[in-house]
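Welcome! Please take a moment to look over the sequence and the structure before reading on.

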Amino acid sequence: MTPAHLPESALDDLADLDLEHWTARYAESAAAARTALRPFVLVRVGGERFAVNLDDLDEVACVTTGIALPHVNPLILGLANIRGELLPLLDTAAILGVAAGYRLGTANRTLVVRDQRGRRAGLPVDGVESVEELDPDLFQTLTSGESTDLVWRNGLAEHRGRALARLDLTPLRAGSFSHF
């Protein structure tokens, strides 16, 4: 039964408008949720798991050999040739304070980071678990590292039942490794 002052066709129009309104609102909230997600590379270093924003990386390379550099800064493992370019390989485990005996090999990967001046450096990791879209708000914020740190752990989350630390490569991308 329709109210006396509204024709039945007007009620149909209102029902359609209401459906369109809620459909649009759902689409907006779903789009907002999608835009909050960011691509992260999930890696392992010394038994710990880390998430690195994919946008902070130049590439993920497979480096199987390198040249050791004795008598240099202990944070430098050596040099690696990636498609004709020699890159310094930094000791990722030492930078993160993780106990790990890193060895170059086919199972390992190297995160390549480019600084503001276009110089690149490699961060060897034990392996890449996956590349996933994650909400940055998933991570509980940690205080920033020391101003001398090359990489900061700035977030911690539980992911698939295990701890996952988010890494901030800002100091490295700013060229902090250039003084080595």
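The model is a predicted one, in which local features need pLDDT of at least 70 and side-chain atom pairs count only at pLDDT 80 or more, while totals for chains, interfaces and linings use all residues. Residues are numbered from 1 along each chain as its sequence is written, and side-chain values use heavy atoms, with hydrogens and water left out.

**Salt bridges**

- Side chains of opposite charge can pair when their charged atoms come close.
- A salt bridge here is a side-chain nitrogen of Lys or Arg within 4 Å of a carboxyl oxygen of Asp or Glu, and the count comes to 10 salt bridges.
- One of them joins the side chains of arginine 49 and glutamate 129, with 3.1 Å from N to O.
- Arginine 49 sits in strand S2 (residues 48–53) and glutamate 129 in strand S9 (residues 127–134), so this pair ties together parts that are 80 residues apart in sequence. Strands (E, at least two residues) are DSSP runs, numbered from the N terminus.
- Arginine 49 is buried at 5% relative accessible area, whereas glutamate 129 is partly exposed at 31%. Buried means under 20% relative accessible area, exposed means over 50%, and partly exposed is in between, using a 1.4 Å probe and protein chains only.
- Another salt bridge links the side chains of arginine 114 and aspartate 58 at 2.8 Å, N to O.
- Because arginine 114 belongs to strand S7 (residues 109–114) and aspartate 58 to the loop between S2 and strand S3 (59–61), the pair ties together parts that are 56 residues apart in sequence.
- Arginine 114 is partly exposed, with 36% relative accessibility, and aspartate 58 is partly exposed as well, with 33%.
- The side chains of arginine 160 and glutamate 132 also form a salt bridge, at 2.9 Å from N to O.
- Here arginine 160 is in the loop between strand S11 (152–159) and strand S12 (162–168), and glutamate 132 is in strand S9, so parts that are 28 residues apart in sequence are tied together.
- Arginine 160 is exposed at 64% relative accessible area, but glutamate 132 is buried at 15%.
- Salt bridges with shared partners connect Asp58, Glu59, Arg83, Glu85, Arg114 and Arg120 in one network.

**The aromatic pair**

- A pair of aromatic rings is described by the distance of the centres and the angle of the planes.
- The structure has 1 aromatic pair. It is made by phenylalanine 40 and phenylalanine 139, and it is tilted, with 5.8 Å centre to centre and 45° between the planes.
- Rings of Phe, Tyr and Trp (its six-membered ring) pair if their centres lie within 6.5 Å; planes under 30 degrees apart count as stacked, over 60 as edge-to-face and the rest as tilted.
- Phenylalanine 40 is in strand S1 (residues 38–45) and phenylalanine 139 in the loop between S9 and strand S10 (140–141), so the pair ties together parts that are 99 residues apart in sequence.

- Of the 8 residues of S1, 6 are buried, so the strand is largely enclosed by the rest of the structure.
- Two strands pair if DSSP finds at least two bridges between them.
- S1 pairs with S9 in the antiparallel sense over 7 bridges, and valine 41 stands opposite valine 131 in S9.
- S1 also pairs with S2 in the antiparallel sense, over 6 bridges, with arginine 44 opposite arginine 49 in S2.
- The hairpin of S1 and S2 has 2 residues between the strands, and glycine 46 there takes a positive phi near 55°.

- Phenylalanine 40 is buried, at 2% relative accessibility.
- Asparagine 154 is found in strand S11 and is buried, with a relative accessible area of 15%.
- The side chain of asparagine 154 makes a polar contact with the side chain of arginine 166 at 2.9 Å. A polar contact is a pair of N or O atoms within 3.5 Å; within protein, one must be able to donate a hydrogen and the other to accept it, and residues adjacent in sequence count only if both atoms are side-chain atoms.
- Apart from neighbours within four places in sequence, asparagine 154 is in contact with residues including Gln140, Leu142 and Asp168.

Note on methods:
Helix = DSSP H or I, 4+ residues; strand = E, 2+ residues; numbered from the N terminus. Contact = heavy atoms within 4.5 Å.
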